[in-house]
Amino acid sequence: MQAASHKPVVLVTAADLAPQALEMLAQFDVVFAGKQPTEDDIVALCTRHKPIAIIVRYGKVNARIMDAAENLQVISKHGSGIDVIDQAAAAARGIAVRAAVGANAAAVAEHTWALLLACAKSVPQLDIRMREGHWDKSTHKSVELDGRTLGLVGLGAIGRRVAAIGAAFGMKVLAFDPFAKEAPAGVTLVPLDMLYAESDVVSLHCPLTADNRRMLDRDALARFKRGAMLVNTARGGLIDEAALVEALASGRLSAAGLDSFDVEPMTAPHPFQQIPNVILSPHIGGVSDAAYVNMGKGAAANVLAVLDERAHSAA
């Protein structure tokens, strides 16, 4: 008589998942890899548990991990950026890759504006000065956004939300997105060079690809309007960090708000830590109370959809 089979395993590359997502995955054994699992940790868990699906919250999923998970059918991102998954390796092995598109759009758009406003109004710097006993009312001038130009690189779910808020602030909104067939009311689609040259604030909302890695290099930053601000809540790899340090030091850019970095966690010491007109946050733009639930549910739904589709096609 055969022993009862265990439930198939879903591996989560984190220490937790929203309860609502866990309810959706009740037919599986959900295994957690811990708070900041290494590649070796994930390989060991894949070898041991042979998961049918991986939900990616932290770290990367490469060919080595895929080969350790011999039953793997789907890799589902807890969020929208799938650059942390080796998509070519997955395709070669017949493993589906999915993203929870739009699940954290509100959170990232709000954090974009938190950084943008902090740059324009010098909020962190003034707070520090106040705590040190200074009163800079007679010497400080903030940047007024009304009437200024906001340039968005990428016009997906996040970019469109950022655009709507920009319009509400009275800003002229430009956008570059080679995949956008139309722009929402109040947004003008323009070539990238025009966006750089005319924008007072440039905000990045595009995925990281092999083609656009370090798109903001010395040449691109040299085309920015002098004194412009840059906000990045997308991927750190879009920016040549050494070139950005130079642009901030020279006054080409007046400020930058950064939520993502070329290497994460950001290496320390890092030149950004010594630049007073850079505002930093640890890639938490998409981490809000609601987004945590939405991303978990989206990632779980993608796992269920792929497995259901494959079960039906195999039947």
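Trainee: In this predicted model, which residue forms a salt bridge with Asp 200?

Mentor: Asp 200 sits in the loop between α8 and β9, and its partner is in the loop between α9 and β10, 25 residues apart. The closest N and O atoms of the pair are 3.1 Å apart. That partner is Lys 225.

Trainee: Is Asp 200 buried or exposed?

Mentor: The cut-off for buried is under 20% relative accessible area. Asp 200 comes in at 14%, so Asp 200 counts as buried.

Trainee: OK, and how many residues apart in sequence are Asp 83 and Arg 235?

Mentor: Their side chains meet in a salt bridge, 2.8 Å from N to O. Asp 83 lies in the loop between β4 and α4, whereas Arg 235 is in the loop between β10 and α10. So the pair ties together parts of the chain whose separation in sequence is 152 residues.

Trainee: Turning to the nonpolar side, which element gives the largest share of the largest core?

Mentor: That core has 31 residues, with Leu 204 and Leu 216 among those touching the most other members. Elements giving two or more residues include α8, β9 and α10. The largest share is four residues, and it comes from α10.

Definitions and conventions. Residues are numbered from 1 along each chain as its sequence is written. This is a predicted model: local features need pLDDT of at least 70, side-chain atom pairs count only at pLDDT 80 or more; totals for chains, interfaces and linings use all residues. Side-chain values use heavy atoms; hydrogens and water are left out. A nonpolar core is a set of buried Ala, Val, Leu, Ile, Met, Phe, Trp, Tyr and Cys residues joined through side-chain atoms within 4.5 Å. Buried means under 20% relative accessible area, exposed over 50%, partly exposed in between (1.4 Å probe, protein chains only). A salt bridge is a side-chain nitrogen of Lys or Arg within 4 Å of a carboxyl oxygen of Asp or Glu.
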